[in-house]
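The sequence and the structure are shown first.

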Amino acid sequence: MILFPQETWKPIVEQLNNAKHVMLTTHCNSDADGIGSELALFHTLQGMGIQVSMLNRDVVPRICQYLPGSKLIQVTESPDVSTVDTIVALDAGAKSRLGFPDDLFAGKILINIDHHASNPLYGDLNVVNADYCATGAMVFDLIQHLGQSLSQRSAISIYAAILTDTASFQLDRVNADVHRMTAELIDAGAKPEEAANAIYNSQPLARLSLLTLALQTLSIQHDGRSAWMHVTQAMQDETGANHEDSEGFIDHGRTIQGVEVVVFIRPEKDGRWKVSFRAKARRNVGEVAAKLGGGGHQYAAGCAVSGSLEEVYAKVEAVVSCFFKI
Ligand SMILES: [Mn+2]
């Protein structure tokens, strides 16, 4: 099955078929959707005899290290792209999110495959469709348009992308077609138990220690409709946790009865703060993040804000409060 038969992949299929050397990449602070999409397309293109490499700005997160081929992803801030003629950006809502200097793309065909509604179509060729539950699901369709069968390695990679981007099949875009696709992934060799154990049941103890501290910062505002939490560098130092370990903490806010919007603030490596938003009940947090210079989807979005923690809370509070008045 194809999830969105009306989507036009033809120019991208032609470009990939004619490419001499394809480079795949994804956004900074990559996640299982970005990495899973990258690996699924990598295995497919390699199977077609196309020269392909994977180059990312940031290291592969712990939860993706079980994915077949993850060790083949090269991590560099200034990749050598002299032989590359085609770059595929996967799951990156803006060109800047790739984390590479602009001149890297000069003279190359940039293909932009993404499901963020805020994506400004920065590629030479773009397929951007926010109706897809994950970029991994877009690669599922692309593989079929390339005339290729789904290998076990690609199926395992796409399964990880779908599982994580739908918060374990909980979000709005999960419909019968998403489950039909997932059935095809399992038929092709994806293993749900292996994925659950690698992604959810292999946490370092430091991550749980950090979660304990983060939950102590939980505050409920706007008559119980917003939940706020943060992590500081000092909390990371105290528990021995790293920047990646607070990934997913925000979802605890979403489990609280009556909460419609969750805000989670944590330090970025560059000294700014990363502010993440999650929404329930038709609240569009993509618009909130956009007002603060970020972007994302209706249900999940984020931005980077500078200042002290108190200043960041005040800036975000001002925008979120307006939002509740509408
Ligand atoms: Mn995604």
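In which loop is Asp91 found? Asp91 is in the loop between E4 and E5, in a model that is predicted. The protein chain contains 11 helices and 12 strands, and these are taken up below by topic.

**Overall dimensions**

- The protein chain has a radius of gyration of 19 Å, close to the 20 Å that the globule rule gives for 326 residues, so it is as compact as a globular protein of that length.
- The C-alpha trace of the chain spans about 55 × 40 × 40 Å along its principal axes.
- Of the 326 residues in the protein chain, 44% are buried.
- When contacts between residues at least 6 apart in sequence are considered, 66% of them join residues at least 24 apart.

**The parallel sheet**

- Six strands form an open sheet in the order E3-E2-E1-E4-E5-E6, and their pairing is parallel.
- E3 and strand E6 (125-128) are the edge strands, each of which pairs on one side only.
- Helix H1 (residues 10-18) packs on this sheet and touches E1, strand E4 (86-90), strand E5 (109-114) and E6. The direction of H1 makes about 130 degrees with that of E6.
- Strand E1 (residues 21-26) runs parallel to E2 and is joined to it by 4 bridges. Among the residues involved, His21 has Gln51 in E2 as its bridge partner, and Met23 has Ser53 in E2.
- E2 also pairs with strand E3 (residues 74-75), in the parallel sense and over 2 bridges; Asn56 has Val75 in E3 as its bridge partner.
- Strand E2 (residues 51-56) has 5 of its 6 residues buried, so it is largely enclosed by the rest of the structure.
- A right-handed β-α-β unit is made by E1, helix H2 (residues 32-47) and E2.
- H2 lies across E1, E2 and E4, and runs at about 165 degrees to E1.

**The mixed sheet**

- A further open sheet of 6 strands has the order E7-E8-E9-E10-E12-E11, with mixed pairing.
- At its edges stand strand E7 (219-221) and strand E11 (295-296); each has a single partner strand, so one side of each is left without a neighbour in the sheet.
- Strand E8 (residues 226-230) and strand E9 (residues 261-267) are paired in the parallel sense over 5 bridges, and His230 stands opposite Ile265 in E9.
- Helix H11 (residues 309-325) lies across E8, E9, strand E10 (273-279) and strand E12 (300-305). H11 runs at about 155 degrees to E9.

**The contact of H3 with H4**

- Two packed helices are described by the angle between their axes and the distance between the axes.
- For helix H3 (residues 135-145) and helix H4 (residues 152-165), the axes come within 7 Å and cross at roughly 145 degrees.
- On the H3 side the contact involves Thr135, Gly136, Ala137, Val139, Phe140 and Ile143, which meet Ser154, Ile158, Ala161, Ile162 and Asp165 in H4.
- By class, the residues of this contact comprise 7 nonpolar, 3 polar and 1 charged.

**Loop residues with positive phi**

- Asp91 is not a glycine, yet its phi is positive, at about 70 degrees.
- Asp91 has 29 C-beta neighbours inside 10 Å and therefore counts as buried, the cut-off being 20 or more.
- Ser168 lies in the loop between H4 and helix H5 (176-187). Its phi is near 60 degrees, a positive value in a residue other than glycine.
- Ser168 is partly exposed, with 14 other C-beta atoms within 10 Å.

**The surroundings of Phe249**

- Phe249 is placed in the loop between helix H8 (233-239) and helix H9 (250-254).
- Is Phe249 buried or exposed? Phe249 counts as buried, because it has 20 C-beta neighbours inside 10 Å.
- When residues up to four places away in sequence are not counted, Phe249 touches Leu211, Ala214, Met229 and Phe264.
- Phe249 and Ser226 are separated by 23 residues in sequence and by 15 Å in space, C-alpha to C-alpha.

Methods
Residues are numbered from 1 along each chain as its sequence is written. This is a predicted model: local features need pLDDT of at least 70, side-chain atom pairs count only at pLDDT 80 or more; totals for chains, interfaces and linings use all residues. Axes are lines fitted to C-alpha atoms, for helices over the stretch in contact, and angles run from 0 to 180 degrees between N-to-C directions. Two residues are in contact if their C-beta atoms, placed from the backbone, lie within 7 Å. Ala, Val, Leu, Ile, Met, Phe, Trp, Tyr, Cys and Pro count as nonpolar, Asp, Glu, Lys and Arg as charged, and the others, Gly among them, as polar. A residue is buried if 20 or more other C-beta atoms lie within 10 Å of its own, exposed if 12 or fewer, and partly exposed in between; C-beta atoms are placed from the backbone. Two strands pair if DSSP finds at least two bridges between them. A crossover is right-handed if, with the strands pointing away from the viewer, the path from the first strand over the helix to the second runs clockwise. The radius of gyration is taken over C-alpha atoms; the globule rule is 2.2 Å times the number of residues to the power 0.38.
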